[in-house]
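User: I am new to this structure. Can you walk me through how to read it?

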Amino acid sequence: MQVSCIDATGNVKWTFDSQLKEWANYIFTGKQLIIIGTNNKELSSSDCNLLWCIDIVTGKASGYDYFTSKTIASQGKN
């Protein structure tokens, strides 16, 4: 699933590919979009291992994989 920020004139400011087939949940804080999901086949469908935090203005994303306890490189495109 991807998310894009589009300005008032219809131009895409940035696009982010979560690399997930679906999101377990998301939260919009007004400044960030927080995405929670699963991409690990070892986990049940109710368990989540990925957390993405996306800055709404810049599209810069930072992520964390709770299964591997590692930071994930941003996949955003400006």
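Analyst: Start with burial. This is a predicted model. Of the 78 residues in the protein chain, 28% are buried. The accessible surface comes to about 5400 Å², and carbon and sulfur atoms hold 51% of that.

User: How many helices and strands are there in the protein chain?

Analyst: Count the elements, then read their order. The protein chain has eight strands and zero helices. From the N terminus on, the order is β-β-β-β-β-β-β-β.

User: What share of the contacts joins residues at least 24 apart?

Analyst: Take contacts between residues at least 6 apart in sequence. In the protein chain, 24% of these join residues at least 24 apart.

User: Is Cys-53 buried or exposed?

Analyst: Compare its relative accessibility with the cut-off. Buried means under 20%. Cys-53 has 19%, so Cys-53 counts as buried. Cys-48 has 34%, so Cys-48 counts as partly exposed. As for disulfides, a search of the whole structure finds zero.

User: Which side chain of opposite charge is nearest to Asp-65?

Analyst: Asp-65 is found in strand β6, residues 61-65. Asp-65 is buried but has no salt bridge. The nearest side chain of opposite charge is Lys-70, 8.8 Å away.

User: What does the side chain of Asp-65 make a polar contact with?

Analyst: One partner is the side chain of Asn-49, at 3.1 Å. A polar atom of the Asp-65 side chain also lies 3.3 Å from the backbone nitrogen of Thr-68. Leaving out residues up to four places away in sequence, Asp-65 touches Asn-39, Asn-49, Leu-50, Lys-70 and Ile-72.

Key. Residues are numbered from 1 along each chain as its sequence is written. This is a predicted model: local features need pLDDT of at least 70, side-chain atom pairs count only at pLDDT 80 or more; totals for chains, interfaces and linings use all residues. Side-chain values use heavy atoms; hydrogens and water are left out. Helices (H or I, at least four residues) and strands (E, at least two) are DSSP runs, numbered from the N terminus. Buried means under 20% relative accessible area, exposed over 50%, partly exposed in between (1.4 Å probe, protein chains only). Contact means heavy atoms within 4.5 Å. Accessible areas come from the Shrake-Rupley method with a 1.4 Å probe; for residues, only the protein chains shown count as cover. A disulfide is a pair of cysteine sulfur atoms within 2.5 Å. Lys and Arg count as positive and Asp and Glu as negative; His and the chain ends are not counted. A salt bridge is a side-chain nitrogen of Lys or Arg within 4 Å of a carboxyl oxygen of Asp or Glu. A polar contact is a pair of N or O atoms within 3.5 Å; within protein, one must be able to donate a hydrogen and the other to accept it, and residues adjacent in sequence count only if both atoms are side-chain atoms.
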